[in-house]
Amino acid sequence: MTTKYIFLLLGLAVTIVSAAEYRRPPPGRSLSQSLFKVLDDVDSTSPQQVHISLSGGDHMRVSWITSDPTPAVIYYGTSPGANGVTANGTTDNYRYLAYRSGEIHNVVIGPLNPNTLYYYRCGSPSSPELSFKTPPSQFPINFAVLGDPGQTEWTKSTLDHIAKSDYDVLVLPGDLSYADLYQPSWDTFGQLVQPLASSRPWMVTHGNHEVENIPIIHPKKFTAYNTRWVMPYAESGSPSNLFYSFQVVGVHVFMLGSYTDFGPDSDQYRWLEADLNRLDRSKTPWLVAIVHAPWYNSNEAHQGEDESVGMKKAMEDLLYKARVDVVFAGHVHAYERFVRVYKDQADECGPMHITIGDGGNREGLASRYKDPKPDISAFREPSFGHGQLYVVNTTHAKWTWHRNDNDAVSSDEIWLTSLQSLSTCL
């Protein structure tokens, strides 16, 4: 049996297990085959799967893959054709059973000016020119939020809607490619998101579909994810790429790991506690946390899982005492917004929990909710879409969820006041 079919069978097994948990509508058509054709036509030394991410302060990490070895170097400047500034980085690769990845390059560039368009080339001054815009240095700032995207026609619709928005940074709460052991799907996912991910920073954390370990055969977890999607964990003092934080303008974002240890004795818990203690709230009026498995959920899907229940039990007090404003999650393939909540009760000083695992994955929607609707659940709908968190200033932000129709229809929106600005919560 060929490696490709082994991967397909293993991936099918994973899909069958997860799909059995709840009834889904028919899946959307996968874009993988058309994306494979695109990759087949790419020259072996040409950059592919380009994406960028914030790398602490005024720096940006540029990541890309080539089939053959090429220099890990970026040529960049603030005008088209500018190659006057260069930066060098590192190259890595990995093996997964019979699969061997391409050459994965990572280069950190900077210092960069805020709210500025930069032009860059990966690996060679003759490679195709790309561009990105750095985030602003002062409010307002707009975050796009995309959960569980996968790579289907639904995904493309969501990405098209995000592309039309004026966002500065994208955050993704896990389950990126849905490769599910079949490693070439990581390549097609990287190619699918490149138009967006190469032009604005994408900040991601892992989900259950990133674990990808096989007992005895490949026991190591997160091999592809950790090699392909390097995030600024070292810059934030984290010992692991599976959890980290970043700050932009006055918004501090904790990218937490649902599928790595999170108990009080864990590295993640100790790091989060230390990261919170380092914050200067006079310069950081907004706190946002990202997890994969939701701590609050009235959908019938994914109830009672330790990644939700156990992590909530371990970390909810930390986030509440720190006055975290919003917690975004994925995993459940539907949209749900809760009121501000703490220990299962409405609490004006608690975070607002939002589940947004509706980016477009192949498994379809989780369409069955618990009845009656809990009082703490403010809005829920089983549709694909994405969200926008528009932080206007130190005290107010607007959250909008956009359902996928022909256009991105605004189906749910609410204004938030930062907890740091409320005297009743200090």
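The model is predicted. The UniProt entry, which is unreviewed, places the feature "domain: Calcineurin-like phosphoesterase" at residues 142–335. That span is 31% helix and 17% strand, and its end C-alpha atoms lie 20 Å apart.

**Sheet**

- Four strands, in the order β1-β2-β8-β5, make up an open sheet with antiparallel pairing.
- β1 (48–54) and β5 (90–92) each have a single partner strand, so they stand at the edges, with one side of each left without a neighbour in the sheet.
- From one strand to the next, the twist averages 20°.
- Three bridges join β5 to β8 (residues 103–109) in the antiparallel sense, and Asp92 stands opposite Ile104 in β8.
- Helix α4 (residues 184–197) lies across β1 and β2 (60–66) and runs at about 60° to β1.

**Aromatic pairs**

- The whole structure contains 13 aromatic pairs.
- Tyr94 and Tyr99 have ring centres 5.9 Å apart and planes at 45°, so this pair is tilted; Tyr94 and Tyr99 are both buried.
- Tyr320 and Tyr342 form a stacked pair, with 3.7 Å centre to centre and 10° between the planes.
- Because Tyr320 lies in helix α7 (residues 306–322) and Tyr342 in strand β18 (residues 335–342), the pair ties together parts that are 22 residues apart in sequence.
- Tyr320 counts as buried at 15% relative accessibility, and Tyr342 is buried with a relative accessible area of 16%.
- One aromatic cluster consists of Tyr76, Tyr118, Tyr120 and Phe132.

**Charges over rings**

- Arg323 lies over the face of Tyr320, 4.7 Å from the ring centre.
- The charged end of Lys312 sits over the ring of Tyr296, at 4.1 Å from its centre.

Conventions: Residues are numbered from 1 along each chain as its sequence is written. This is a predicted model: local features need pLDDT of at least 70, side-chain atom pairs count only at pLDDT 80 or more; totals for chains, interfaces and linings use all residues. Side-chain values use heavy atoms; hydrogens and water are left out. UniProt positions are given in the numbering used here, feature names are shortened, and annotations may be inferred rather than shown by experiment. Helices (H or I, at least four residues) and strands (E, at least two) are DSSP runs, numbered from the N terminus. Two strands pair if DSSP finds at least two bridges between them. Axes are lines fitted to C-alpha atoms, for helices over the stretch in contact, and angles run from 0 to 180 degrees between N-to-C directions. Contact means heavy atoms within 4.5 Å. Rings of Phe, Tyr and Trp (its six-membered ring) pair if their centres lie within 6.5 Å; planes under 30 degrees apart count as stacked, over 60 as edge-to-face and the rest as tilted. Buried means under 20% relative accessible area, exposed over 50%, partly exposed in between (1.4 Å probe, protein chains only). A charge sits over a ring if NZ of Lys or CZ of Arg is within 6 Å of the ring centre and within 35 degrees of the ring normal.
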